[in-house]
Amino acid sequence: MDAEALVFRAVVDTRRSVCHYPGPMGRKYRFQSTINAPRELMISMLTSPEFLETEARENGAVKVEVKIRKRGKNKLSLTLKKADPTRDDEGGVVEGKLDHIVYEQEWDLLKGEVEWTHTMKELEGVEVKGRNRILEDGPKSCKLVEEGEISLNSGMP
């Protein structure tokens, strides 16, 4: 399997588990994954609209749109909009229902870091935000470190 395929599989598998089972609501989370591919390749793939669209579809999205809002020398802003099948508490698909999700990403390409927010139309009042870092871990591998926070804003005083 080539390096791009390894990165793709690692990102898809990691995001699948985190997206469907994020842990207790109103909590911070952190996970780290070692990927057998160079840091530069990982950054280029995670900022590629084509890769992000393919990854979203691999994870079950039925509709995906990725747009680069702004690109600078070392900065990149992008938006990923997708419609995923709604999942129940055990991660099973709820037939006939979709979740409409928007990811906003602000990349610092030199640092290999992205600040992101995740909103879902169907879960008004839930806020998910965080930061991913891609750290060099030798000449042929890197670490993906994700730190996030899931909070409920019920609107009650």
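Predicted model: local features only at pLDDT ≥ 70, side-chain atom pairs only at ≥ 80, totals over all residues.

Student: What is a salt bridge, and how many salt bridges does the count come to?

Tutor: A salt bridge is a side-chain nitrogen of Lys or Arg within 4 Å of a carboxyl oxygen of Asp or Glu. By this rule the count is 11 salt bridges.

Student: Are K82 and D84 buried or exposed?

Tutor: Buried means under 20% relative accessible area, exposed over 50%, and partly exposed in between (1.4 Å probe, protein chains only). K82 is buried at 10%, and D84 is buried at 11%. Their closest N and O atoms are 3.2 Å apart in a salt bridge.

Student: Which parts does the pair of R131 and E113 tie together?

Tutor: Strands (E, at least two residues) are DSSP runs, numbered from the N terminus. R131 and E113 form a salt bridge of 3.4 Å, N to O. R131 belongs to strand 6 (residues 126-136) and E113 to strand 5 (residues 113-120), so the pair joins parts 18 residues apart in sequence.

Student: What links E147 with R133?

Tutor: A salt bridge does, with the closest N and O atoms 4.0 Å apart. It connects strand 7 (residues 142-152), which holds E147, to R133 in strand 6, 14 residues away. R133 is buried at 16%, whereas E147 is partly exposed at 26%.

Student: Which residues are linked in a network of salt bridges?

Tutor: The network comprises R30, E113, R131, R133 and E147.

Terms used:
Residues numbered from 1 in each chain as written. Heavy atoms only, no water. Helix = DSSP H or I, 4+ residues; strand = E, 2+ residues; numbered from the N terminus.
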